[in-house]
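Trainee: I would like to go through this model feature by feature. Please give the general idea each time, then the case at hand.

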Amino acid sequence: MKANVFFKAVCVAVIIMATATPVRANNPYVANDIVKEGKVVTRFIYKNDQGLQYHLKSDFTYDAENRLNTKESFLWNPRKQQWIPQQRIQYKYTDSNILITGSSWNEFRKAYTESIRQSIYPIRAAGSKIAQLTAD
């Protein structure tokens, strides 16, 4: 139950980030999107603390119908100077539902865990793009 609530909170956070208002001068974070063919393929989040510093990175993949297929999140490790995987969310579509599964990175095994969080959402009206992240 707790994992399901956490997973829903992550999904809501993704939607909020996708529709975020423009950056203000006092905002401690700055986002930068890499867009290809009208779709966000990578989003960088920088800390705005005495200059921009890497903080988070998300990579997005899409299926042949331009629907979100995978979101993989990374956290910047300043000591190692590299991106460390954190979690992966996968979207699978049927005629009536979207199956969303989440996996966490296992640092010891250097691989994602088996899908530990799973939710099913009904698809809205035909043609609705409820799981596509587009550039503003």
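Trainee: Does arginine 43 count as buried or exposed?

Mentor: The scale comes before the case: buried means under 20% relative accessible area, exposed over 50%, and partly exposed in between, with a 1.4 Å probe and protein chains only. Arginine 43 has 6% relative accessibility and counts as buried. Note that this is a predicted model, in which local features need pLDDT of at least 70 and side-chain atom pairs count only at pLDDT 80 or more, while totals for chains, interfaces and linings use all residues. Residues are numbered from 1 along each chain as its sequence is written, and side-chain values use heavy atoms, with hydrogens and water left out.

Trainee: What does the side chain of arginine 43 meet in a salt bridge?

Mentor: A salt bridge is a side-chain nitrogen of Lys or Arg within 4 Å of a carboxyl oxygen of Asp or Glu. Here the partner of arginine 43 is aspartate 33, at 2.6 Å from N to O. Aspartate 33 is partly exposed, at 27% relative accessible area. Arginine 43 belongs to strand S2 and aspartate 33 to strand S1 (residues 29-36), so the pair ties together parts that are 10 residues apart in sequence. Strands are DSSP runs of E, at least two residues, and helices are runs of H or I, at least four, numbered from the N terminus.

Trainee: How many salt bridges does a search of the whole structure find?

Mentor: The search finds 5. Among the pairs is lysine 57 with aspartate 59, at 3.8 Å from N to O. Lysine 57 is buried, at 16% relative accessible area, whereas aspartate 59 is partly exposed, at 22%. Another pair is glutamate 107 with lysine 110, at 2.4 Å from N to O. In that pair glutamate 107 is partly exposed at 34% and lysine 110 is exposed at 51%. Asp63, Glu65 and Arg67 are linked in a network of salt bridges.

Trainee: Which residue in S4 stands opposite lysine 57?

Mentor: Two strands pair if DSSP finds at least two bridges between them. S3 and S4 pair in the antiparallel sense over 7 bridges, and lysine 57 stands opposite phenylalanine 74. These two strands form a hairpin with 5 residues between them, and asparagine 66 in the turn has a positive phi of about 65°. S4 is also joined to S5, by 8 antiparallel bridges, one of which pairs serine 73 with glutamine 87.

Trainee: Where does glutamine 81 lie, given its positive phi?

Mentor: Most residues other than glycine have a negative phi. Glutamine 81, with phi near 55°, lies in the loop between strand S4 (68-77) and S5. Glutamine 81 is exposed, at 54% relative accessibility. Glutamine 50 also has a positive phi, of about 55°; this residue is in the loop between strand S2 (39-48) and S3 and is exposed at 83%.

Trainee: Which residues make up the largest nonpolar core?

Mentor: A nonpolar core is a set of buried Ala, Val, Leu, Ile, Met, Phe, Trp, Tyr and Cys residues joined through side-chain atoms within 4.5 Å. The largest one has 9 residues: Val40, Phe60, Tyr62, Leu68, Ile89, Tyr91, Tyr93, Ile98 and Ile100. Strands S3 (52-62), S5 (82-93) and S6 (97-106) each give two or more residues to this core, and S5 gives the most, with 3. A second, separate core of 5 residues includes Tyr46, Phe74, Trp76 and Trp83.
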